[in-house]
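Take a look at the model below.

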Amino acid sequence: MSRSLHPSLARLYTCALESEFLYIDETYTSPDDPLHENSFYALTAVQFKASELDVIRADLRDIVDGDYFHSTEALRTNGGQRVFEEMLKYFSDNREPSFITCNINLAPDDDLEQARRRCLKNLVEKYIAEVPLLRGLIFEARHERKDNNRDRSFLKHLRKEGLLTNEVGAAWVSPQDERLLWAPDAMCMAYRRTRTHSDMTAHYFEEYLSDIARVYEF
């Protein structure tokens with residue numbers, strides 16, 4: 001990347017080139033949002049190997065032609081939509097299966113934090129066991145530090161349950177700190193559009209990602 005690594009990432013990336021990392025983001029429609037009758041929560045994790053991180057960062061920067069990307073903003077303009085679609089095509093052409101876990105229909109009294117925990121535990125139980133060289137979970141930092149601390153507490157709980165080893169570290173950073181977080185952001189948005197829209201963007205997930213994504217619905 002063009003600037004020095006965030007300290008949390010520098011610690012995680014001190015590892016063998018065969019090591020694997022999962023980059024994680026979320027999307028949801030709130031149960032109390034009157035615009036969405038069928039509320040849901042989804043968590044996406046995209047797997048990258050340590051040896052390919054620099055190449056993917058460079059490729060993503062070339063696609064965006066800059067150092068900033070956010071899928072919500074990109075889809076507001078025709079130019080941004082083309083960039084978004086090009087990014088999905090890049091993942092479609094170059095990736096092994098990624099992982100998406102979904103809590104489909106949230107009831108009006110369901111708690112989003114509990115939904116996130118259910119999805120994260122599902123991710124750990126169903127997927128992480130298949131990645132023996134996993135060395136880090138990189139989350140897009142949430143708006144409030146207390147929310148990141150909730151994640152830390154829950155990961156500690158998963159370690160105590162034996163579902164997550166101490167070899168797997170974690171970091172909560174901004175996409176400005178780690179461009180690779182653009183990947184789960186874009187994939188989350190593509191999935192979200194299948195549930196919230198009826199225009200051409202609603203078909204992006206099926207067109208570009210369905211062959212490389214595992215969708216667990218519960």
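This is a predicted model: local features need pLDDT of at least 70, side-chain atom pairs count only at pLDDT 80 or more; totals for chains, interfaces and linings use all residues.

Along the sequence, they follow the pattern α-β-β-α-α-α-β-α-β-α-β-α-α-β. The radius of gyration is 17 Å, close to the 17 Å that the globule rule gives for 218 residues, so the protein is as compact as a globular protein of that length. Along the principal axes, the C-alpha atoms fill a box of roughly 45 × 40 × 30 Å.

Next, the contacts and the surface. Take contacts between residues at least 6 apart in sequence: 77% of them join residues at least 24 apart. Of the 218 residues, 50% count as buried. The accessible surface comes to about 11,100 Å². Carbon and sulfur atoms account for 44% of that surface.

Now turn to helix H5. This helix covers residues 112–126, 15 residues in total. From first C-alpha to last, H5 reaches 21 Å, close to the 21 Å expected at 1.5 Å a residue.

Which residues of H5 are buried? They are Glu113, Ala115, Arg116, Cys119, Leu120, Asn122, Leu123 and Val124. What do these buried residues pack against? Their partners include strands E1 (20–28), E2 (41–49) and E3 (98–103). Strand E4 (134–140), helix H6 (145–160) and strand E6 (213–217) are also among them.

Finally, look at the start of H5. There, a side-chain oxygen of Asp111 reaches to within 3.1 Å of the backbone nitrogen of Glu113. Glu113 is also one of the buried residues of H5.

Note on methods: Residues are numbered from 1 along each chain as its sequence is written. Side-chain values use heavy atoms; hydrogens and water are left out. Helices (H or I, at least four residues) and strands (E, at least two) are DSSP runs, numbered from the N terminus. The expected span of a helix is 1.5 Å times one less than its number of residues. Buried means under 20% relative accessible area, exposed over 50%, partly exposed in between (1.4 Å probe, protein chains only). Contact means heavy atoms within 4.5 Å. A polar contact is a pair of N or O atoms within 3.5 Å; within protein, one must be able to donate a hydrogen and the other to accept it, and residues adjacent in sequence count only if both atoms are side-chain atoms. The radius of gyration is taken over C-alpha atoms; the globule rule is 2.2 Å times the number of residues to the power 0.38. Accessible areas come from the Shrake-Rupley method with a 1.4 Å probe; for residues, only the protein chains shown count as cover.
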